[in-house]
Structures are given as structure tokens and as C-alpha cells.
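This briefing goes through one structure, topic by topic. Please keep the sequence and the 3D view open while reading.

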Amino acid sequence: MGGRTAVRVYWIKVEVSVDKNMKILIVDDFSTMRRIIKNLLRDLGYNNTSEADDGSTALPMLKNGNYDFLLTDWNMPNMPGIELLKAVRADPNLKHLPVLMVTAEAKRDQIVEAAENAVNGYIIKPFTADTLREKIEKIFERIEAGS
Amino acid sequence: MPHREVEEDVARKEAEIRSLQLEKARQLVRFIEAGDEAGANRLIEELGRMHESLLFEELGKLTRDLHEALNAFRLDSRLSEIAQTEIPDAKERLNYVVAMTEQSAHRTLNAVEESLPMVEGLCRHAEALGETWGRFRNRELSAEEFRVLSQELTAFLERSVADGESIRSNLSDVLMAQDFQDLTGQVIRKVIDLVQDVEKNLVGLVRISGERLSTPEQIKNKEQSSRDAATRGTGPAVPGTSDVSEVITGQDGVDDLLSSLGF
């Protein structure tokens, strides 16, 4: 039972560690999905969010905006999410930015490709509010553990 | 070979043959005038053969054109692929859209149907309490009536908290139900692409009657476009379509795959 106790302690630590004021960029070409994510984040206590409708509009925002966290779709016109992820990892100022993919793309090769580009989390649409909370907490729990 | 050039070629050959025929005809007149019957017969036969060979040559060319056009049609794998896989796929995709939108509509309606009576109940309860509260403010309530009011107020506050929580959760559900627009939107865009593809290929089919299509290039283009699609993203995998190539089902599958990759 010792293991279970340890897990519980970890959870308490997690609850405390995620900064609710962090600046988040939501990237999706469907405005309905951006609104859903924005509302879910607000429900979770994250109010500092901005939106972009594809990678090519998101990238300049990220470069100039001091964002703490990026949530992006994959399938978008002009610059898809995977290209945005690659561009973020290639930029010396952005390469450590935590990136969570929220997408309907579910092919094995695609998930592997995202992983190869050091994606921090991968959520398959349709998803639930719980999944979103869980993945965000997990991402920052890992970052905390790593630093 | 473009149509106009073929026609010019035929016209030139016809003119050539006609001048040859004219020459032979003049020789024929000369043979008959000279009384050379054998020579005249030979020339008449030759003239007949010339006419036939021109006819056969034209027929041969037509046959070749038809043959090549039919081959081009058969080799145009895009068309047969559209007919065999993509049209049935498109039907499944549109069925998926119908199912998703129906599911979202029901989810929304369920949440509304559950929330409306709660809101109505809270309103009625508040109205009734408000009336009694007004009488209390006007000092019209007996001590016994006030005790009842106090109990009612406690009950109302408890109910407000519980129903408020239920309504909040229902509204969240309505919010999440709107994800259908993204998912079905991606699928519908895919079907629109297919319809455009069909249109393009039908135009090509019409053109085939005049010209031959260059098929090897098309096959190359097709391979390129399927590679591009993986980078661009292909939208949700729809069950019952060709979207089967190693699709991970659900969040658990993704989590398992990522943890197997050391995540």
C-alpha cells in the first residue's frame, strides 16, 4: 500500500505546481473548437488564453508573445500543427515551450512523428474535460520533475 | 497528336493521292487511245487498289486511336479508385457526419431538457419565497409562519446549490457537444475535395474523346498527394472507410503508444 500513498502525495504536489496565470495559445482552424478549449481552460482556472487559426498566424504570436504553453490542432490550412511543432522546436527561444496536440489525427505514424518532435502531450478528439485537465497536469508535473 | 494536325495530315495525303490518281487516269486515256488493252486493265486495277489502301489506312488510324483512348481510360486508375473506394467512403463519411450531428443534438437536447425544469423550479420557489418574505418585511407573519419560512429558505438555498451544480454540469455538456462542428467539418471538407476530384476527372473523360491522357504523370501525382496528406493531416478516421492504416483508437491507445515510445 506504500506505493499508493506515494502516488497520492504526488497528486497534491501536482495540484499546487501548475501556474493558473500562465499564458496559453490555442491554435485550431475551427473557431468552435477554440471556444470549447478556451471555456474548458477557464473552467480549470486558466484565464490567460489567446487564439490563432493556424500555424502561420500562431508562430509570430509565439515569437513575440512570451507564451508558457501551446495547445494546437494538427489538420489546419497553410501551416499544419506538426509543422508548427517543428518550427517551435527549431527556434532557440521557443524550443522548450510545452506543446499539447489536440487533434483528430490518430494514425500511428503521425503520433510517432509528433513524439519524435518532442511533443509534450497528445489528445485525440473528441476528448473530455477530464482528459484535458489530466494531460495539462501531467505535462507540468514532468517539467517540474525534470527541472 | 492534336486533332488539327491529324486533319492536316489526312488532307495532304489525300491531295497527294489525288494527283497520283489524275496522272494514272491521264495515262489510262493514253493507253486506250493507243489500243493497249492489257496496260489499260492494269491501270484500272491499280486505281482501285489505291482507293482501297487510302480507306484502309484511315481505318487503321482510327482503330489505333480508339485502342489507345480505351487503354488510357483503363489505365486512369484514379477514376476506378474513385468509383471503387472513394465514393463508398464518401457515403460512410457523410453517414458519420449524420451520426455525429445527431449525437451532438441529442446530447444538447438532453442537457436542456434536464436543466429547464430545474431553472423553472428554482424560479417558482424563489417567487413563492419572495412573496412570504415580503409579508415578513411588512410584519404580517406569525411566529409559526416565520419558522416555516426559515425552513423553506434553508431548503431553497440547499436546492440552489445542488441544482446550480447540475445546471453547470449540463451547460458544460452542451459546450462539449459542440465539438461535432470541428470533427464533421473536417470530414465534409474531405468529401468536398472528392467531389472536386470527380469533376476534374469527368472533364478529363470528356477530353479523352479528342486527345489521349498522359497517365503515368497522374499516377505519380497521386503518390505525391497521399504523402502530402499525411503532413497536412487527414481529419478524423471514419469507421467503415479506407481510413484504416494503423489508426489508433481512442485516448488510451494514444497514451499506450506514447508510453511505449518513452513518454
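The model is predicted. Chain A contains six helices and five strands, whereas chain B has seven helices and zero strands.

**The two chains**

- Chain B reads α-α-α-α-α-α-α from its N terminus on.
- Of the 147 residues in chain A, 39% are buried.
- Of the 263 residues in chain B, 10% are buried.
- Counting contacts in chain A between residues at least 6 apart in sequence, 62% link residues at least 24 apart.
- In chain B, 78% of the contacts between residues at least 6 apart in sequence link residues at least 24 apart.

- Strand β3(A) spans residues 69–72, and both of its faces are covered.
- Phe69(A) and Leu71(A) lie on one side of β3(A), Leu70(A) and Thr72(A) lie on the other, and all four are buried.
- Strand β1(A), residues 24–27, runs parallel to β3(A) and is joined to β3(A) by four bridges.
- Within this pairing, Val27(A) is opposite Thr72(A).
- β3(A) is also joined to β4(A), residues 99–103, by three bridges, and these two strands run parallel.
- Here Thr72(A) is opposite Met101(A) of β4(A).
- Together, β3(A), helix α4(A) (residues 81–90) and β4(A) form a right-handed β-α-β unit.

**Strand β5 of chain A**

- Four bridges link β4(A) and β5(A), which pair in the parallel sense.
- Met101(A) has Tyr122(A) of β5(A) as its bridge partner.
- From β4(A) the chain passes through helix α5(A), residues 108–116, to reach β5(A), and this β-α-β crossover is right-handed.
- Which residues point each way from β5(A)? Gly121(A) and Ile123(A) point one way, Tyr122(A) and Ile124(A) point the other way, and all are buried.

**Helix α6 of chain A**

- Helix α6(A) covers residues 129–146, which is 18 residues.
- From its first C-alpha to its last, α6(A) reaches 26 Å, close to the 26 Å expected at 1.5 Å a residue.
- Leu132(A), Lys135(A) and Ile136(A) are buried in α6(A).
- Why are these residues on the same side of α6(A)? They cover an arc of only 95° around the axis, so they share a side of the helix.
- An α-helix has 3.6 residues a turn, so residues three or four places apart point the same way.
- Asp130(A) and Ala145(A), on the other side of α6(A), are exposed.
- The cover over the buried residues of α6(A) includes α2(A) (31–43), β4(A) and β5(A) (121–124).

**Contact between the chains**

- Chain B gives 29 residues to the contact and chain A gives 28 residues.
- On the side of chain B that touches chain A, the elements giving two or more residues are α4(B) (143–177), α5(B) (180–208), α6(B) (215–232) and α7(B) (250–260).
- By class, this side of chain B has 13 nonpolar, 12 polar and four charged residues.

Terms used: Residues numbered from 1 in each chain as written. Chains lettered and ligands numbered in written order. Predicted model: local features only at pLDDT ≥ 70, side-chain atom pairs only at ≥ 80, totals over all residues. Buried ≥ 20, exposed ≤ 12 C-beta atoms within 10 Å, placed from the backbone. Contact = placed C-beta atoms within 7 Å. Pairing = 2+ DSSP bridges. Right-handed = clockwise from strand over helix to strand, strands pointing away. Nonpolar A, V, L, I, M, F, W, Y, C, P; charged D, E, K, R; others polar. Expected span 1.5 Å × (residues − 1). Arc of directions from axis to C-beta.
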